[in-house]
Amino acid sequence: LLQQGARLPAELITEVRKGVYKNSNINIHVLAPESLWGEITSNFEALPMENRVNEGNKLFPPLQLHLHSFDSDLSLQEMVDQHTFDISLVSNMLLNQVTKQDRTESEIHKEGCFDPLLDAPTYTYGGLQGGEISVSMLPRSPDAILSDWATLSVRHHRNSSVSSELPENIDYVELRIDFEKTALIYEDLHTISHWVLLLERYITREQVENLNNKPDILTVKSGIGINGAFTLIVSSNSGKEFIVNRLENKLNKIIGENAGVQNRSLALKIYDETRKIAPRLVLQAMGISRATEEILGLMIAMNVAGQVLPISCHNGIEVWISLDDNPEWFQSSNTYRADLCRITLEEIGDFLNVDLLIVEGKFRQVYDSHGITQVKASLSLFEDIMNPSESGDGYKDARLWREKILTAIENVNPDSSIAYGNVVTEVEGDNKYRLPEKIRSDFRDGRFKLRSSQGVFSICCYTEDQPLDISLVDSAQTIHMIKSYTTQ
């Protein structure tokens, strides 16, 4: 779905048809204004094509382009002639619905400090249930230089202040984006597509989660593209029933079909928890893979880790991060890594304490010790990042790594975190997608103590019937191994 950027379809196909997928057969439907059709076609015709005579005399070409006219007065289904699709991609849809508004605010004290290297100079909010999206042209954290520059720019353009009665205020520009029609298109896309990819400059998890059809968000990646200005959101509304059925079938084989409704409700609960904690695993479960076993192993590991090493937090927040959703943190996609990381940030007085727990879960017929290596590798990485007192001058990039972790924390489903004490009120409403400012700045700047760092390797041998077995396999890194069986 395009409003501009006629080269995108051809560039996308070029990137997809590489390596093992270089001979893939693809039908691509482009919904765009007719003024772009000529350029879209020219770019598509320039793509390298194999000779069908030399490739087994295939009847149809491997790439087929279908053009559909974009008409805002028609429904999406009418525009695409009732077709259904595997994947839909929307890019820069919101840029054509932007209006500018001059705003003013008093110079109130805000917590935090703007960092030009790490912080975005703007922030996005609003857009719930199709309402307007607002984009402030000032950063969320205060910065005197940007505030003065914004005020100067607005007053130079207007030849006056926004409020003549309050000349001491900060004046700035706010972009208002009409999200109502776009929200309807996003909702319709989830009806006709298995997966929907949104690539926009001004979009957040918050807007997509609050669409009327409540799609499952599988991946959120912010700070991508040119200058890190775009956010990619992958969502789906069609895979839940399929994955739940697969989980139920697996449970029937292990527990027995006589469990009936119990297995169905358990499968639904497992799916919902996995969707919150490890959305990429949910995405993998829609293909031919062992993802159902991975999902069951993950959920068992979370539960036994919570029982063996429970949270002790009175004023802070606990967050689960899926390491499989952040493969770029490791040397390659095949690098040893655990499944999950549980981070607890607790304020005691004015000081921040951090507890770290790395968890790997396996669901196997027989014992597999490989998970211990995965936990060790991930725990070593996080200890280097989160131990500023020991890292010293040897790790100049530790602050950048902590910013990566903060971004991951704030991109996860809010339901995968639990707040305690005074922090509960600080992460309510619009703030549930962002950590409290003091915790955020203390963590990023290394003003905290790594109070504990531990690892858990959980393996459930579902064909055996023995008592629960808990042992310490590495005292240096405090790694626990928990063996569970069919009776637990």
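Lys362 is buried in this predicted model, with a relative accessible area of 7%. Its salt-bridge partner is Glu360, and the closest N and O atoms of the two are 3.2 Å apart. Glu360 is buried too, at a relative accessible area of 1%. Elsewhere, shared partners join a set of salt bridges into one network made up of Asp119, Glu403, Glu410, Arg434, Glu437, Arg440 and Arg444.

**Salt bridges**

The model has 33 salt bridges. Three of them are set out below.

| Pair | Closest N to O distance |
|---|---|
| Asp119 and Arg444 | 2.7 Å |
| Lys362 and Glu360 | 3.2 Å |

Glu174 is buried with a relative accessible area of 1%.

Asp119 is buried, its relative accessible area being 14%. Arg444 is buried as well, with a value of 5%. Both residues are members of the network named above, together with Glu403, Glu410, Arg434, Glu437 and Arg440.

**Cavities**

Two cavities of 30 Å³ or more are found. The largest cavity has a volume of about 110 Å³, and 14 residues line it. Nearest its centre lie Ile409, Ser417, Lys432, Tyr433 and Arg434. Strand 11 (316–322) and helix 13 (398–411) are the elements that contribute two or more residues to this lining. By residue class, the lining of the largest cavity consists of eight nonpolar, three polar and three charged residues.

The second largest cavity has a volume of about 40 Å³. Which residues line the second largest cavity? They are Gly112, Cys113, Asp119, Ser141, Arg434, Glu437, Arg440, Ser441 and Arg444. This lining divides into one nonpolar, three polar and five charged residues.

At least two lining residues come from each of helix 1 (8–16), strand 1 (26–32), strand 3 (85–91), helix 5 (180–192), strand 8 (193–200), strand 10 (230–236) and helix 9 (279–284).

Which element gives the most to the lining of the second largest pocket? Strand 1 does, with six residues. The lining of the second largest pocket is made up of 25 nonpolar, 10 polar and two charged residues. For the second largest cavity, the corresponding division is one nonpolar, three polar and five charged.

Terms used. Residues numbered from 1 in each chain as written. Predicted model: local features only at pLDDT ≥ 70, side-chain atom pairs only at ≥ 80, totals over all residues. Heavy atoms only, no water. Salt bridge = Lys/Arg side-chain N within 4 Å of Asp/Glu carboxyl O. Buried < 20%, exposed > 50% of the residue type's maximum accessible area, 1.4 Å probe, protein only. 1 Å grid on protein atoms, 1.4 Å probe; cavity = no way out; pocket = protein on both sides within 12 Å on 5 of 7 lines; lining within 4 Å. Points joined across faces, edges and corners; volume = space filled by probe spheres on them. Helix = DSSP H or I, 4+ residues; strand = E, 2+ residues; numbered from the N terminus. Nonpolar A, V, L, I, M, F, W, Y, C, P; charged D, E, K, R; others polar.
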